[in-house]
Amino acid sequence: MMSDMDKYDLGKTVWFNKDLGRIEDPDVNCWHYSIVLLNKNKKLSDLDGVIAHEIGHVMGLRHRNTLPISIMCQKGYGRTAIVPSTTDIGCLSAKYKNRK
């Protein structure tokens, strides 16, 4: 599973469907669980931010690389956030507002 990570990745989220196995696009296929991988070969000075970013993917959020204060901005694009921003929370609220 670690071989799925690029040498530059700090973390990666992988999604699975119980019938289909691993899926590439969680917006296209229904997924039942996911795994968050952390690159053990990297010094993760921003470990909290990396984990929060990957959990954002688990919850269905996409990258938001134009907004450094968003936890969903990739570190390489200048992410300064280590916790979800009001934008991130708003996206989650909108995504799950009709779920019970």
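1. Let me start with Met72, which touches His53, Gly56, His57, Leu61, Arg62, His63, Arg64, Asn65 and Asp88, leaving aside residues up to four places away in sequence. Contact here means heavy atoms within 4.5 Å. Met72 sits in the loop between α1 and α2, and it counts as buried because its relative accessibility is 1%. The cut-offs are under 20% relative accessible area for buried, over 50% for exposed and partly exposed in between, with a 1.4 Å probe and protein chains only. From the C-alpha of Met72 to that of Pro84, twelve residues apart along the chain, the separation is 8.0 Å.

2. Some ground rules before going on. Bear in mind that this is a predicted model, where local features need pLDDT of at least 70 and side-chain atom pairs count only at pLDDT 80 or more, while totals for chains, interfaces and linings use all residues. Numbering runs from 1 along each chain as its sequence is written, and side-chain values use heavy atoms, with hydrogens and water left out.

3. On the overall fold: the protein chain has two helices and three strands, and from the N terminus on the order is β-β-β-α-α. The radius of gyration is 14 Å, close to the 13 Å that the globule rule gives for 100 residues, so the chain is as compact as a globular protein of that length. That radius is taken over C-alpha atoms, and the rule is 2.2 Å times the number of residues to the power 0.38. Helices (H or I, at least four residues) and strands (E, at least two) are DSSP runs, numbered from the N terminus.

4. A few more chain-level values. Along the principal axes, the C-alpha atoms fill a box of roughly 35 × 35 × 20 Å. Of the 100 residues, 28% are buried. Among contacts between residues at least 6 apart in sequence, 40% join residues at least 24 apart.

5. Met72 turns up again in the largest nonpolar core, whose six residues are Ala52, Leu61, Ile71, Met72, Ala81 and Leu92. Such a core is a set of buried Ala, Val, Leu, Ile, Met, Phe, Trp, Tyr and Cys residues joined through side-chain atoms within 4.5 Å. In soluble globular proteins, nonpolar side chains tend to be buried together.

6. With residues up to four places away in sequence left out, Asp46 touches Lys75, Arg79, Ala81 and Ile82. Asp46 and Leu10 are 36 residues apart in sequence, yet their C-alpha atoms are 9.5 Å apart in space.

7. Now the largest pocket, which holds about 570 Å³ of space. Its lining has 26 residues, with His53, Glu54, His57, His63 and Gln74 nearest the centre. By type, the lining divides into eight nonpolar, eight polar and ten charged residues. β1 (11-17), β2 (21-23) and α1 (47-58) each supply at least two lining residues, and β1 gives the largest share, five residues. For the record, a pocket is an open set of points on a 1 Å grid where a 1.4 Å probe fits, with protein on both sides within 12 Å along at least five of seven lines, and lining residues have an atom within 4 Å of a point.

8. Two last residues to check. Lys12 lies in strand β1 and is partly exposed, with a relative accessible area of 25%; its C-alpha is 16 Å from that of Asn65, 53 residues apart along the chain. Thr86 belongs to helix α2 (residues 86-96) and counts as exposed at 72% relative accessibility. The C-alpha atoms of Thr86 and Ile69, 17 residues apart along the chain, are separated by 9.3 Å.

Methods:
Points joined across faces, edges and corners; volume = space filled by probe spheres on them. Nonpolar A, V, L, I, M, F, W, Y, C, P; charged D, E, K, R; others polar.
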